[in-house]
Amino acid sequence: MAAAAAPSGVTERYFTRWYKPDVKGNPCEDHCILQHSNRICVVTLAEAHPLLQKGKSIERISYQISANCSRLQNKVSGKSKRGAQFLTELSPLCRIFCSDGEEYTIYSCIRGRLIEVNENILDSPNLLQAKPSTDGYIAVVLPKFEESKSITQGLLTRKEYEDVLSKRFNSVS
């Protein structure tokens with residue numbers, strides 16, 4: 001009798017992974033979008049992002065995008081998510097500052113309403129590196145219903161992303 005497969009986690013079972021490599025032309029700064037069947041999308045770091053690869057030490061995370069815009073000020077209420085900030089594909093969600101002086105900006109990668117940001121990573125930035133697809137997520141975005149099928153245009157499937165990583169790795173070695 002064959003051994004039973006290991007039980008998959010919630011993210012593997014209920015979410016489809018989409019990838020955006022080299023966001024805004026920044027090499028290796030890859031983002032991952034976890035899309036639930038109910039259209040809700042969770043923005044996370046992709047496995048190959050420098051923050052997860054190089055053993056970097058995260059000093060702090062800021063949801064303050066500009067003098068007049070803080071993602072922490074996002075207040076959502078009701079069924080229609082009134083008050084949610086609207087995001088485009090290139091809307092910055094947060095900035096991550098490393099102890100070596102490097103700074104990374106994480107972008108939405110999809111259009112929709114900002115439902116919530118993960119305030120837990122402000123106090124525990126190590127969650128971002130330890131559990132990027134679960135407790136270390138960046139934000140939750142809800143695409144417009146009529147756009148929910150088209151938001152994945154321009155994003156890569158896991159297989160396509162693995163091909164990109166393979167080419168990237170082969171060009172380095």
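Please keep in mind throughout that this is a predicted model. Let me begin with a pair of strands, β8 and β9, the latter covering residues 103-107, which run antiparallel and are joined by five bridges. If you look across this pairing, you will find Cys-94 standing opposite Ile-106 in β9, and you will also find that Ile-96 stands opposite Tyr-104 in β9. The connection between these strands is a hairpin, with four residues lying between β8 and β9, and in that turn Gly-101 has a positive phi of about 95°.

Now, what does β8 pair with besides β9 in this sheet? The other partner is β4, a strand made of residues 58-62, which pairs with β8 in the antiparallel sense over four bridges. Here Ser-62 is the residue that stands opposite Arg-95 in β8.

The edge strands are β4 and β9, since each of them pairs on one side only, and from one strand to the next the twist averages 20°.

Finally, why is strand β8 described as largely enclosed by the rest of the structure? The reason is that six of the seven residues in β8, which spans residues 92-98, are buried, where buried means under 20% relative accessible area.

Note on methods. Residues are numbered from 1 along each chain as its sequence is written. This is a predicted model: local features need pLDDT of at least 70, side-chain atom pairs count only at pLDDT 80 or more; totals for chains, interfaces and linings use all residues. Side-chain values use heavy atoms; hydrogens and water are left out. Buried means under 20% relative accessible area, exposed over 50%, partly exposed in between (1.4 Å probe, protein chains only). Helices (H or I, at least four residues) and strands (E, at least two) are DSSP runs, numbered from the N terminus. Two strands pair if DSSP finds at least two bridges between them. Axes are lines fitted to C-alpha atoms, for helices over the stretch in contact, and angles run from 0 to 180 degrees between N-to-C directions.
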